[in-house]
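Reader: I have a chain to look over with you. Can we start from one residue and then go to the whole?
Author: Fine, go ahead.
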Amino acid sequence: MRSETNFSLKAFNSFAVDAIAPTIYFPETIDHLKTLSRELDSGSYYLLGEGSNTLFYEAYTPCIVKPNFRGIEITETPDGFKVVVGSAENWHHLVISLIDKNILGLENLALIPGTVGAAPVQNIGAYGKELADYCQSVEWVSLTTGEKKVLSNEQCQFSYRHSVFKTPGFKQGVITRVSFFFPKAWHARTNYGDLKSLSPASSAKAILEKVIEVRNSKLPDPACLPNAGSFFKNPIVDVSVVKELRAIYSNLPTFEVDEKRVKLAAGWLIEHAGLKGFVRGNVGVHKNQALVLVNHNNGRGDEIISLAKHIQQTVVNKFGIKLEPEVRLIGAQGEQVIDDIELTQTC
């Protein structure tokens with residue numbers, strides 16, 4: 001198994017912040033993971049995919065494990081297609097390759113950055129669809145015991161930007177493969193956001209192209225302007241909160257979750273708090289999409305944390321709603337909650 005020491009992660013995170021991993025491992029087999037389960041100290045490492053949902057905010061990181069499980073296997077059944085994908089495969093490339101093969105369903109989830117293995121952790125979603133809609137099972141290996149488990153969709157406990165893989169017991173392990181099932185009976189979903197301009201009879205290819213067009217128009221390319229996509233989760237609040245806000249902000253966009261809860265648009269809250277395009281030191285809020293924080297000039301991770309805290313406080317002051325980061329915040333001691341991070345330097 002390949003490993004390196006004192007490894008710079010600048011090219012391994014889409015914020016392009018520089019941080020040093022004391023050791024990084026690149027396991028490619030379950031036997032490699034079993035070896036690591038005997039060598040690693042519990043909690044002393046961080047699992048890294050493409051770094052598109054990660055912010056390193058200190059100069060050093062924990063030991064890094066970067067799985068490299070590859071491959072796509074497709075089996076046709078009378079009703080649909082079973083697709084088993086290695087966790088290190090790029091998510092967007094998977095979406096494109098399946099649509100090209102007329103295996104439909106993921107078109108609304110195009111251009112979401114990251115690996116296939118990271119997708120179940122966040123239960124990624126966009127334009128009215130989620131990974132949970134098609135995920136059949138997830139193969140996972142414990143880095144504590146070396147045990148392999150295959151979890152069904154139900155056992156994954158998917159919810160909005162959450163899964164069982166975010167819980168303590170499953171954080172100490174690696175997703176190695178994800179299995180999907182795509183029914184041949186496909187229906188377009190165009191009733192969400194910018195897709196409403198499309199005909200309900202649109203093809204999957206047309207939806208795919210529209211999603212790519214919209215995302216490219218709103219979200220900066222990390223290769224040109226380092227960012228991690230949506231930095232904050234869209235908050236879910238009680239309907240009574242929405243009634244109070246609507247009395248002041250009649251154009252407040254909302255999305256029903258259930259009879260008692262409503263999802264708000266975090267980007268709208270940030271923009272209407274006056275922070276769209278806001279720049280602070282080397283970092284800032286993107287000029288076209290307030291939900292995206294960007295690294296303008298080789299900024300440090302702690303500068304982005306400071307900016308995020310400023311945004312949180314400003315939105316609380318104006319709307320009484322606290323935003324929670326969607327991006328994972330990683331310091332030398334591992335993953336942290338933003339409220340627990342104390343900054344010795346400011347932007």
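Reader: Leaving aside its neighbours within four places in sequence, which residues is Ser179 in contact with?
Author: Ser179 is in contact with Lys82, Val83, Val84, Tyr134, Cys135, Gln136 and Ser137, where contact means heavy atoms within 4.5 Å. This is a predicted model, where local features need pLDDT of at least 70, side-chain atom pairs count only at pLDDT 80 or more, and totals for chains, interfaces and linings use all residues. Residues are numbered from 1 along each chain as its sequence is written, and side-chain values use heavy atoms, with hydrogens and water left out.
Reader: Where does Ser179 lie?
Author: Ser179 lies in strand E12, residues 173–183. Strands are DSSP runs (E, at least two residues) and helices likewise (H or I, at least four), numbered from the N terminus.
Reader: Buried or exposed, and why?
Author: Ser179 counts as buried because its relative accessibility is 10%. Buried means under 20% relative accessible area, exposed over 50%, partly exposed in between (1.4 Å probe, protein chains only).
Reader: Now the whole chain. How many helices and strands?
Author: The protein chain has 8 helices and 21 strands.
Reader: What share of the residues is buried?
Author: Of the 347 residues, 51% count as buried.
Reader: What box do the C-alpha atoms fill?
Author: Roughly 60 × 55 × 35 Å, along the principal axes.
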